[in-house]
Amino acid sequence: MSDKTASEEGPALGTASADQSRQTTPGHACQVFPAEDVFVSAGVNSGDGVAPPDEVETGDIYQLEPEAHPRRLLLTHAASGAEPLVAPGSAVGAAGDPVHLLARYTLMADDGDRVELLLLQVAGALWVLPLSPMSDRSEYTLLAVEASPRDVRLTEMMSLSFARGTRISLASGQMVAIETLTPGMKLLTRDHGPQELRHIGQASLRAVGAFAPVVIPAGTLGNSADLIVSQHHRMFLYQRRKLAEVPTSEVLVQARHLVDDETVFIREGGVTDWFSLIFDHHEIIYAEGIPVESLMVNDATISRLPPEYASELRRQFPGLAHVQHFGTEAGRQFLESVGGPAQWLPRPRNRNRKPR
């Protein structure tokens, strides 16, 4: 059996600017599977694919079809606040088709990792959008169902990086709140010195499920204040001692893999204002004094858009060609196998406890 995973390709540009929102512009490119490709391998609905909320049963175990191949769904914004539409060139649906968000499902993999799935309807057909990678070697137990999560817009769901108030280092070394940044300002990057900020994405979402932030208390990673980031945002960590299992001296770790519910925890409840930062290249920047990634814009996503849209995006963002920062991608199982996240912590973690 192969070990395919669902792609984590992010949005083309996150949230559209005010000028863009008055037009029909591409807002997102993502990978989706036909709903039947994620099927119940054991349970009440054995053999069935992902279905609408009134037809699924919690406790059913799902698997990704070994021969499944994701399709590229291109979206546009027709108007601010409206449902997204299918963009020209999409492999799913026809240009102008509305994309309906029917449900959000929370599943748990056999290794304890949680995965969020979005159930979409396009031209009468059902599609599954995983918000985390899925492997065809894992089983996933359905834990929770949220029907019609209309309080969020689909294209906002993957433009999450930093919470309001996060201090980002300017080229001068001064740290300022992320919400005060504007395109054109120069920020400090680890590898390329001062770099011009090209775009700021913003979204306000209820802090539940996959959209609840990870809180990394001050001092845990050497951060000067509490760092609040999205669960999938990656932290840049260094090896404190060389491990044979790790080919590089630097490790990129999604924040959710650092959660231990004692020092680092997920905070649910209320609404979080999210901000994402885009540069000409994928950069390692500094948030609360420690290195973290900027939002990665995959050049492959841009190049596969219809020519008229791709040329417009390249006009707005000249030289845009992100390549993922070199380093070892470390998942939770890997971290545990080599002694846990502490192998890369620059200083002992503080013992602040999660508020009860």
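**A strand and its neighbours**

Tutor: In strand E8, the bridge partner of Gln121 is Leu126.

E7 covers residues 114-122, and seven of its nine residues are buried. Strand E8, residues 125-130, runs antiparallel to E7, and six bridges join them. The hairpin of E7 and E8 has two residues between the strands, and Ala123 takes a positive phi near 50° there. E7 also pairs with strand E6, residues 99-109, in the antiparallel sense over nine bridges. Within that pairing, Leu117 of E7 is the bridge partner of Tyr105. The hairpin of E6 and E7 has four residues between the strands, and here Gly112 has a positive phi near 90°. E7 therefore counts as mostly covered, since seven of its nine residues fall under 20% relative accessible area.

Ser90 sits in the loop between strand E5 (85-86) and E6. Ser90 counts as buried because its relative accessibility is 14%, and the cut-off is 20%. A polar atom of its side chain lies 2.9 Å from the backbone oxygen of Val92. On the side chain of Ser90, a polar atom is also 3.4 Å from the backbone oxygen of Arg72. Beyond its neighbours within four places in sequence, Ser90 is in contact with Arg72, Leu73 and Leu74.

Not counting residues up to four places away in sequence, Ser138 touches Tyr62, Gln63 and Asp110.

Pro70 belongs to the loop between strand E3 (61-64) and strand E4 (71-77). Its relative accessible area is 32%, which means that Pro70 is partly exposed. Leaving aside neighbours within four places in sequence, Pro70 is in contact with Gln31, Val32 and Phe33. Phe33 is 37 residues from Pro70 along the chain, yet their C-alpha atoms are separated by 4.9 Å.

Now the cores. The largest nonpolar core has 28 residues, and Leu181, Met235 and Leu277 are those with the most contacts inside it. Elements that give two or more residues to this core include strand E16 (214-216), strand E18 (234-238), strand E19 (250-254) and strand E21 (271-278). A second, separate core has 22 residues, including Val56, Leu119, Met134 and Tyr140. In soluble globular proteins, nonpolar side chains tend to be buried together.

Glu288 lies in the loop between E22 and E23, and its phi is near 50°, a positive value in a residue other than glycine. Glu288 counts as buried because its relative accessibility is 3%. Asp261, found in the loop between E19 and strand E20 (265-266), has a positive phi near 65°. Asp261 is partly exposed because its relative accessible area is 40%.

For the protein as a whole, there are four helices and 24 strands. Buried residues make up 52% of the 356 residues. Among contacts between residues at least 6 apart in sequence, 66% join residues at least 24 apart. The protein exposes about 14,800 Å², of which carbon and sulfur atoms supply 49%.

Last, the confidence of the prediction. The mean pLDDT of the protein is 75, and 65% of its residues reach 70 or more. Over residues 298-306 the pLDDT stays under 50, and the model has 25 contacts for this stretch beyond four places in sequence. Residues 346-356 are also below 50 in pLDDT, and that stretch has 27 contacts beyond near neighbours in sequence.

Conventions
Residues are numbered from 1 along each chain as its sequence is written. This is a predicted model: local features need pLDDT of at least 70, side-chain atom pairs count only at pLDDT 80 or more; totals for chains, interfaces and linings use all residues. Side-chain values use heavy atoms; hydrogens and water are left out. Buried means under 20% relative accessible area, exposed over 50%, partly exposed in between (1.4 Å probe, protein chains only). Contact means heavy atoms within 4.5 Å. Accessible areas come from the Shrake-Rupley method with a 1.4 Å probe; for residues, only the protein chains shown count as cover. pLDDT is the predictor's confidence in each residue, from 0 to 100. Two strands pair if DSSP finds at least two bridges between them. A polar contact is a pair of N or O atoms within 3.5 Å; within protein, one must be able to donate a hydrogen and the other to accept it, and residues adjacent in sequence count only if both atoms are side-chain atoms. A nonpolar core is a set of buried Ala, Val, Leu, Ile, Met, Phe, Trp, Tyr and Cys residues joined through side-chain atoms within 4.5 Å.
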